[in-house]
Amino acid sequence: MASRPLKPKLTSVLRRRQLLRRLVITLSSIACLLILLDHLGLFGYRGDDLANFASQRFHVDRVTESGNLVISSSDRTSEVRLTGVLGNAGLQSFLAEMTVGKTVILMLDPLQTRDASGHLLAIVYLSNGDCLNVSVIRAGGARVDPKKKQSMLGVMRAAEADARKHFRGVWRNPSSNAPAL
């Protein structure tokens with residue numbers, strides 16, 4: 001018995017279905033490949049900052065001109081910006097004196113772990129338990145960044161008020177002979 005050829009209308013519907021199926025499979029494969037490459041680091045994926053940095057100890061190698069700490073551990077090096085701190089010219093030397101060669105502990109805000117430049121944003125604790133962000137403000141080495149909403153804002157504002165009251169660092173009375181930071 002000879003088979004009858006399919007109607008032309010039915011073959012075009014089957015061809016469209018087959019083409020659509022191939023298109024969906026191809027796009028799904030491309031999406032999976034891109035996700036895999038992203039997680040392997042090809043597109044700058046850094047992993048989970050909270051898991052990799054929060055409550056971890058790091059060695060401070062140096063302080064950049066902009067006042068960022070360059071930290072390292074056995075498998076990574078990163079730049080950390082102090083959350084809520086607006087630096088000035090004396091910030092680099094103050095931070096270098098307080099941190100270079102020492103171990104610090106980072107606390108990250110779960111809602112924003114990095115700034116626009118890709119630097120980690122952290123509240124940094126020294127090994128003696130002092131909060132570096134508050135200490136630098138209390139010493140007058142920096143001001144509070146009022147744009148950044150974070151958990152230590154009230155404490156930092158109180159530290160800034162104390163530095164102003166006692167004319168420390170950036171709040172130093174220009175007529176006095178007190179040394180700058």
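Phenylalanine 53 and phenylalanine 58 are both buried, that is, under 20% relative accessible area with a 1.4 Å probe and protein chains only. The model is predicted, so local features need pLDDT of at least 70 and side-chain atom pairs count only at pLDDT 80 or more, while totals for chains, interfaces and linings use all residues. Residues are numbered from 1 along each chain as its sequence is written, and side-chain values use heavy atoms, without hydrogens and water.

**Aromatic rings and charges**
- One aromatic pair is found in a search of the whole structure, where pairing requires ring centres within 6.5 Å.
- The ring centres of phenylalanine 53 and phenylalanine 58 lie 5.5 Å apart with planes at 35°, so the pair is tilted, being neither stacked (under 30 degrees) nor edge-to-face (over 60).
- Over the ring of tryptophan 171 sits the charged end of arginine 143, 4.5 Å from the ring centre; the criterion is CZ of Arg within 6 Å of the centre and within 35 degrees of the ring normal.
- The charged end of arginine 164 also sits over the ring of tryptophan 171, at 4.2 Å from its centre.

**Fold and surface**
- The chain holds five helices and seven strands, which are DSSP runs (H or I, at least four residues; E, at least two).
- Of the 181 residues in the chain, 33% are buried.
- The accessible surface, by the Shrake-Rupley method with a 1.4 Å probe, is about 11800 Å², and carbon and sulfur atoms hold 57% of that surface.

**Confidence**
- Mean pLDDT, the predictor's confidence per residue from 0 to 100, is 85 for the chain, and 87% of the residues score at least 70.
- Residues 176–181 stay under 50 in pLDDT.

Note on methods:
Buried < 20%, exposed > 50% of the residue type's maximum accessible area, 1.4 Å probe, protein only. Contact = heavy atoms within 4.5 Å. Phe/Tyr/Trp six-rings, centres within 6.5 Å; stacked < 30°, edge-to-face > 60°.
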